[in-house]
Number of protein chains: 2
Amino acid sequence: MEHKIGLIGCGTVGQGLLQILHDKKVFLRDTFGFEARVVAICDKIKGTLILPDGLDIPTVLALLGAGKALADYPGATPAQVESRDPLDMIERTDADIIAELTYTDIKTGEPATSYIKKALRLGKNVVTSNKGPAALHYREIQDLARQNGLQFRIEGTVMSGTPVFHLAECGLAGNNIREIKGILNGTTNFILSKMETEGMDYGPALDLAQKLGYAEADPTADVEGFDALAKVVILSNVLLGGSLKTADVPCRGISAITKADVETAKAKGFRYKLIGHAKRENGAVTATVAPQKLPLSDPLAGVMGAQNALSLETDLMGKVTIQGAGAGKLETGFAILSDILAIHRR
Amino acid sequence: MEHKIGLIGCGTVGQGLLQILHDKKVFLRDTFGFEARVVAICDKIKGTLILPDGLDIPTVLALLGAGKALADYPGATPAQVESRDPLDMIERTDADIIAELTYTDIKTGEPATSYIKKALRLGKNVVTSNKGPAALHYREIQDLARQNGLQFRIEGTVMSGTPVFHLAECGLAGNNIREIKGILNGTTNFILSKMETEGMDYGPALDLAQKLGYAEADPTADVEGFDALAKVVILSNVLLGGSLKTADVPCRGISAITKADVETAKAKGFRYKLIGHAKRENGAVTATVAPQKLPLSDPLAGVMGAQNALSLETDLMGKVTIQGAGAGKLETGFAILSDILAIHRR
């Protein structure tokens, strides 16, 4: 079966997805009977390209790699590359799956939420790696999707392609998940790991994370825990059935943790980790983000460097922990593909 | 949708499955639209019960819990509890799913393989926790299932309900898995953990494992690696596309590991684990089972006690590791349920 895919946003994640769709074309067709035709891309900076017959992925990746715009796509008519708002693109494309890959605005969830709702209203499934709509409006968007017999999928919002929602939905289906505990931000885990294993102080460890590209120039969202906070809210609402808002969740980052704290903990057999934690008790869901001293026997204690991990506490299986990459071009591109494949399977 | 289920074997796993089907009846119906009617049980020791209208699970569990036979099921006619061979039961029941839960014979895979084939030939899906058929005849049985438009599912054969095949099939679908490395036997991991954390020698650690019920009176299958071997063969053939037989896999257990070995490794920052390892290279799949000294940075190094874990090396996601229970009544019962739910989803 062939799916027509439209991309809103074509930065790192979008290009990762395109790369995978191209490299794995034959494998995906032969293994799953899955074929994809990318019929539209709409990016704030790179412009618009709407080609109902499907665009040539290597051509697009070469253009973008050379710093050119989609308007330079060879042979495209002016109407096909006319600059458009994503809302306009959604209306014009016959894509049956929209991949919403724009940047997260955790305060409003916009403009992504408007894009997603419009796509669902027009009968298109939506997959996204954008934490804003998932953290702020999950229930509402999911209801809209269901009413229209469509899917709204968000694997890429938490641990890139390391499966969290697929795990709950598929491998652990039938369990009652009552608690989750995770290392949900690779940057802070990298910094804490360096502070412990190489005896670095917080400042130099952060500098190193920035130098290596793990942390942004303004590292606030990572080190103050806001990135982990958005993810905890998503996990609470999707896996535990909560209806938390970000303001409901006490949040403390790692910027006040010193080398001495790390060393004192280590001497007592503990290891500092920035932990996103949520649980359901007596019907109420509560969550926190804070540095915690874990005993080395905790499956999360051994997770070092920029890796992510999540422990799910379940009624039948006890604790199940999954560990893997939490970011990356191919990794998040794969998260989008895994959601597209889930739509294909239905 | 209602499924009619027949059980061959009703020991720990079968009773775990029945318990879950009963306790989760409403949840499974409301969440997945799944309903189960258990229409037949055939157990070598406990006898046979064939009730096309469905049996009452609490009554059966109470009978078995009191050490009675299925023949004592209240109100059953002599024909319904007449002693039968499982092959005969398969022929007589109108179950659409057979749960094959008898004990593993790793040399022949029998009689389980014959039961499974007969069920598939008669149009019934099969789920099993029996390592024999999966390790020895997977490809052949899977082909038979496909030819008949049926499913043959084996989640319970490797890490009880900790999802391995569901993970590959669902959350990681689209990846090329090229290598797997796992702690696949809880007994040996318990023994090695005790040797390291409590400085015990091999003998006393094994005694403790036996006392706590982790190890059998004859611990050979665990400590010499044969249990892990069967699981590595299954993983190699299912996840890596190999066609290994148990004789192809060099296998060494932990009985020759001394306290001194463990301590020397620890002093150098390593930890002994019994590792099942398989990889595909240049189209050929090879595997081993052997004690390995892992650096503490390996995600498997932190897996202590009777837990199991598996790392999958993939092309898109790098290494993904899942950790959880590897045995248990409810845990393996859940493995069977998770496969039944997968059949339900199709």
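**Exercise 1.** In this predicted model, determine how many residue pairs are in polar contact between chain B and chain A, counting those with both residues at pLDDT 80 or more.

*Solution.* Step 1. The count between the two chains is 6 residue pairs.

Step 2. On the side of chain B that touches chain A, the elements giving two or more residues are helix H2 (25-32), helix H8 (165-171), strand S11 (318-324) and helix H14 (329-345) of chain B.

Step 3. Sorted by class, this side of chain B comprises 18 nonpolar, 12 polar and 6 charged residues.

Step 4. In the contact between the chains, 36 residues of chain B meet 36 residues of chain A. About 2,900 Å² is buried between chain B and chain A, with 65% of it on carbon and sulfur atoms.

**Exercise 2.** State how many salt bridges the rule finds across the interface of chain B and chain A, and examine the one that involves Lys24(B).

*Solution.* Step 1. The rule finds 2 salt bridges across this interface.

Step 2. Lys24(B) pairs through its side chain with that of Asp315(A), at 2.5 Å from N to O.

**Exercise 3.** Identify the buried residues of helix H10 (residues 202-211) of chain B and explain why they lie on the same side of H10(B).

*Solution.* Step 1. Tyr202(B), Ala205(B), Leu206(B) and Ala209(B) are the buried residues of this helix.

Step 2. Because they cover an arc of only 100 degrees around the axis, they fall on the same side of H10(B). In general, an α-helix has 3.6 residues a turn, so residues three or four places apart point the same way.

Step 3. The packing partners of the buried residues of H10(B) are helix H9 (186-197) and helix H11 (220-223) of chain B.

Step 4. Just after H10(B), Gly213(B) adopts a positive phi of about 85 degrees.

Conventions:
Residues numbered from 1 in each chain as written. Chains lettered and ligands numbered in written order. Predicted model: local features only at pLDDT ≥ 70, side-chain atom pairs only at ≥ 80, totals over all residues. Heavy atoms only, no water. Buried < 20%, exposed > 50% of the residue type's maximum accessible area, 1.4 Å probe, protein only. Helix = DSSP H or I, 4+ residues; strand = E, 2+ residues; numbered from the N terminus. Arc of directions from axis to C-beta. Contact = heavy atoms within 4.5 Å. Buried area = accessible area lost by both parts, 1.4 Å probe. Salt bridge = Lys/Arg side-chain N within 4 Å of Asp/Glu carboxyl O. Polar contact = N/O pair within 3.5 Å; in protein donor to acceptor, adjacent residues only side chain to side chain. Nonpolar A, V, L, I, M, F, W, Y, C, P; charged D, E, K, R; others polar.
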